Amino acid sequence: MNSRIYKLPSLLAWVCVASVLTLSAPLAAATPAGSLVIVGGALSRSNAEVYRSFIQRAGAQPRIGIVPAASGNPATNARSFADILSSYGVPATSIEILPLALIDDPETPGVDESQWRENAVNESVVKAIQQLTAVWFLGGDQTRITTALMDAKGGDTPALAAIREVYARGGVIGGTSAGAAIQSSLMITGGSSTGALLEGSRATYGSMKEQEAGAVSTGKGLGFLPQGVIDQHFDSKARLGRLIVVLLESEGQEFLGYGIDEDTALIFDASTNQLTVAGRGQVTRVQTIHAKQSGKPTARRIENVTLDLLSAGDGLNLTTGEVRVDPERKPTVGHEYFSIPKPSAQGVFNPYGGSVGDVIGNLLVDNDATDTVDSFLWDEKGRGYRIRFSKTADTRGYYGGTTGKASYSVTTVRLDLLPVAIKIKERR
């Protein structure tokens, strides 16, 4: 594999920051011409649909830069991703590993990647980015990306300005996991659904240890996606609750969120203002513009959240908000597969209760015996929630599809989160 880490000429290794700052690229156009490929994490090497979506948008003569800043093994994981791109036909000479990172890679003895910390203002790095047609952000800790690419006041460094220029002139920006989280203006940095609903939000983010539990935290993202908040690992890490809390606590700035499953991409083409879904999982659109909340932040009652479930081949027009369902999916109304009254949707012994897609698809819209599905969440103190998914007069379900395995698409499901107190007593 011949892709390379971009070498800094020795004469430029210690250039004066003041002189480098004059290289800041012009501000990106108000309406970029490029695309975004936003992956919910755990992108498998075999997911040709997603890789090809990214590579095709990089152009006939691609120049792809990899930003490894989020990773705990920045150089090693960047080389692995470069290998995958090469396996899909990208020439190794067309791939640059950009030296943008905060921490050392323990698997590269003799090289200290933590010395890349200031490279976002380095002339050679900026010039390298300006030659690219595509930029990919690795996964890891999203705050490492924003720290590496933003200045002390939260503004653009010359490297970030150059990345925006790639996007503005028609290039593609992609990323997985942390590389997805940074693409919205409001960035989720940590917390779980349980923590968000029962503990509320916290003002600061400490480390990756806070990504999986506790109160939710947010920060400033890079803002490539024009509207909406991104959350990733949506299926495997059950992050619907935390995304809803973030939207409700954004003080009217955000009413729209996208929860992206693992090995799944939400693709945005700025020239058409269209979103499409690719990959094995689903994307959950969450809307809180008509939602109501009351009560304490740690026991709030949340009513009338709207959910839509999009699968591979589906699309969304951001101008009109209209969902476009893959025409190969057929309506479930009148053809429901299940007839399960009062279905249970929690616990490892319950079928179809493992993700939002399972509950909404199998137990609600493809079930003629119920109009609601309840699940429950509680902690060791007995604080909890009744999580109620409901059909509305506008709910529509579809099943099938042309890409990969058959899956559900669903529009306009209502969600209510109702606080409860639960007492569990072991029976003997």
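## A walk along the salt bridges

Start by selecting Arg 202, which is partly exposed at 23% relative accessibility (buried is under 20% relative accessible area, exposed over 50%, partly exposed in between, with a 1.4 Å probe and protein chains only). You're looking at a predicted model, where local features need pLDDT of at least 70, side-chain atom pairs count only at pLDDT 80 or more, and totals for chains, interfaces and linings use all residues. Residues are numbered from 1 along each chain as its sequence is written, and side-chain values use heavy atoms, leaving out hydrogens and water.

Next, pick Arg 388 and Asp 374, whose closest N and O atoms sit 2.7 Å apart in a salt bridge. Arg 388 belongs to strand β20 (residues 383-390) and Asp 374 to strand β19 (residues 372-378), 14 residues apart; strands are DSSP runs of E, at least two residues, numbered from the N terminus. Arg 388 is partly exposed at 28%, while Asp 374 is buried at 15%.

Hop over to Arg 164 and Asp 156, another salt bridge, at 2.6 Å from N to O. Which of these is buried? Arg 164 is, at 17%, whereas Asp 156 is partly exposed at 30%.

For a last stop, select Glu 212, Lys 237 and Arg 239, which salt bridges join into a network. Zoom out, and the structure holds 20 salt bridges.

Key. Salt bridge = Lys/Arg side-chain N within 4 Å of Asp/Glu carboxyl O. Helix = DSSP H or I, 4+ residues; strand = E, 2+ residues; numbered from the N terminus.
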